[in-house]
Amino acid sequence: MHGKALPYLLLMPATLFLWIFFLYPFALVAFEAVTRDGAFTLDNFRTMAGSWKFPATVRNTLLLAAIVVPIQLTMALLMASVVSRLETGRSAALYVFAIPLGISDLAAGLIWLAIFDQSGFLNTLLSSLGVVDRPVMFLGYQSKLTIFIAVALAEIWRATAIMMVILVAGMGLIPKEYYEAAEVFGASPWQRFVRITLPLLRPSLQTAIILRVILAFEVFAVVAALGGTNLPVLMGETYNWQFTLQDRNVAAASALLILAISIGFTLFFLRVLRVPKEARI
Amino acid sequence: MAEIAIKGVAKRFGGFTALHQVDLTISDQEFMVLLGASGCGKTTLLRIVAGLERPSQGEVWIGGRRVDHLPPRERGIAMVFQNYAVFPHLTVFENIAFGLRMKKLPQQEVERRVNRTAELMHIEQLLKRYSGQLSGGQRQRVAVARALAMEPDVILMDEPLSNLDALLRLEMRAELKGVLAASKTTTIYVTHDQVEAMSLADRIAVMHQGRIVQAASPVEVYRNPAARFVGSFIGNPPMNFIPATKAANGSWTVAGLTLPGPSLDKQKLEFAIRPEDVDAGAEGLHATVRVIEPLGPHTLVTCDVEGGLFRAILDSNASIQVGDDLRLAPKPDRIRWFDPETTNAL
């Protein structure tokens, strides 16, 4: 066998896999999004944007991401700092923090439903404490705010650990000597965090934030479990167009919109958190 | 004034004792080198003075103030790290300015000090660069400039030259000595390189297995080792040791030679002499030549004396062959005696 062909041959399986399972379906969806009955059209996007639910859908999705991700980022940084500093029981702490990661998002949604439901844990607790006379409808169609809060809580509980795991790995890559130098040259623990940890953690922050933001735009099962259709989000609407309204073209357009938003934010964070080549560790 | 006093400092890591009851006083503006092989505790001692490590017991005083309970930033010290620890995300300017910014000095003063120390270390043309764009030697200069910019009472250096190549090390060594002498700081400098220690130090503290074996001037450490370890560690090649047996009171037999020595109630001693302190002659230690290494200015001759290895530095004119029987006469004032039990000098 020729040495020149070998690398391409070895790349072949992965390339084929990508073509068959990612690029080809993507091309199909893209094609469906811009055609109707075989003719090119942008009507699918117009239909999607013209739906009375659409503004609320976009708003809810963006708002959810805008609130959940910063809270998760802060918590993940805090948790990662704690875990990184532990001398004993580090992996135990890491596992405990990471438990919610092992639960599917629908199951996570159902767990929080069991808490906030009319006959759920929270109501049982409140009435046994005598705070309320009868169960409260936390997740009714009139209480959008509590639904939103419940979804945000469930998302934070479920997906903070993925950021933490990435950040713990990133913190492990920062040489200890930098902290010692900063300490000797007068930096307090907070200053060390702001002036050493955060800037040197930028590559990991980038990964963690991009991953989380993309996942936040794809939020679906948790919302479905806790809010049903009372809190419409982009992914839920895509599902609706496909299965309830049986319009695959508009569903494809909706999916493309989510993709576009994800790509947009990815590029934004790649740019903002870029580390110049000369300033890398 | 920044005298450093280390009083009864011990450090234990679990069951391992890194430092046993170390006492050391370093006077104001003195250049003290901690010298020892790796694992002897020299870096641990330096880190205890810096505050990066807490002593298991004992006290550390800097400038008449007890500091062992204080964090590093309250000790009035600056430090140069072995791997330099030049922050990769900051420019050279901001690296040197780091400590000054922490002290919240006015911008004007920060600029003045950064420019002054950068000039001192000849890196003024690098101020806008990042660490990744510097060579090892330049990084080293940034690390030293960062420490000097603090105008500290005490500078601590942890093997600062060990990552440089030989030529650069030689150059930086001379430069460091000049810069630090001019800055009038008290310096503690850790190294495993004896030549570096000899050339830089006002005093050398030789450490071995968590203890300071001897703390004295470089010449004193070289000429009068306080213990066998110091003699065998310092000097290249190191000191020669030969067992001696008592001939009479105050006289000892060493490799076929009878020499005057200490009057002691002991049967065995150890005789020691530096390789350059013997001359080939008619009378002397009985030696059989094993290896001859002509080094230019002199010839290094490795011999067999009393079944042990003995190195002599002889004149390069001497015509010596492998297998020759030599008589090596020790210079009387350079002979040292050690107690074989305690290994201490007599």
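Me: Angles between axes run from 0 to 180 degrees, taken between N-to-C directions, and each axis is a line fitted to C-alpha atoms. In this predicted model, at what angle does helix H1 of chain B run to E1(B)?

Reply: Helix H1 of chain B covers residues 42-50. This helix lies across E1, E2 and strand E4 (57-62) of chain B. Relative to E1(B), the helix runs at about 120°.

Me: Which strands stand at the edges of the open sheet in chain B, and why is one side of each left without a neighbour?

Reply: The open sheet has four strands in the order E2-E1-E4-E5, with antiparallel pairing. A strand at the edge has a single partner strand, so one side of it is left without a neighbour in the sheet. The strands in that position are E2 (16-26) and E5 (65-66) of chain B.

Me: How far apart are the centres of domain 1 and domain 2 of chain B?

Reply: The domain assignment gives domain 1 as 4-233 and domain 2 as 240-338. Taken over C-alpha atoms, the centres of these two domains of chain B are separated by 39 Å.

Me: How do the residues of the contact of H1(A) with H13(A) divide into nonpolar, polar and charged?

Reply: Helix H1 (residues 5-33) and helix H13 (residues 248-272) of chain A pack at an angle of about 115°, their axes 7 Å apart, and the crossing is left-handed. H1(A) brings A:Val29, A:Ala30, A:Glu32 and A:Ala33 to the contact, while H13(A) brings residues including A:Arg248, A:Asn249 and A:Leu256. The division is seven nonpolar, one polar and two charged.

Me: Which helix gives the most to the side of chain A that touches chain B?

Reply: Between the chains, 16 residues of chain A are in contact with 21 residues of chain B. On the chain A side, helix H8 (176-184) and helix H9 (189-200) each supply at least two residues. The most, six residues, comes from H8(A).

Me: What share of the contacts in chain A with a separation of 6 or more is between residues 24 or more positions apart?

Reply: Chain A has 13 helices and two strands, and its C-alpha trace spans about 80 × 65 × 35 Å along the principal axes. Of its 281 residues, 31% are buried. Among contacts with a separation of 6 or more, the share from residues 24 or more positions apart is 70%.

How values were computed
Residues are numbered from 1 along each chain as its sequence is written. Chains are lettered from A and ligands numbered from 1 in the order in which they are written. This is a predicted model: local features need pLDDT of at least 70, side-chain atom pairs count only at pLDDT 80 or more; totals for chains, interfaces and linings use all residues. Two residues are in contact if their C-beta atoms, placed from the backbone, lie within 7 Å. Domain bounds come from an automatic or database domain assignment. A crossing is left-handed if the near helix is turned anticlockwise from the far one by less than a right angle, and right-handed if clockwise. Ala, Val, Leu, Ile, Met, Phe, Trp, Tyr, Cys and Pro count as nonpolar, Asp, Glu, Lys and Arg as charged, and the others, Gly among them, as polar. Two strands pair if DSSP finds at least two bridges between them. A residue is buried if 20 or more other C-beta atoms lie within 10 Å of its own, exposed if 12 or fewer, and partly exposed in between; C-beta atoms are placed from the backbone.
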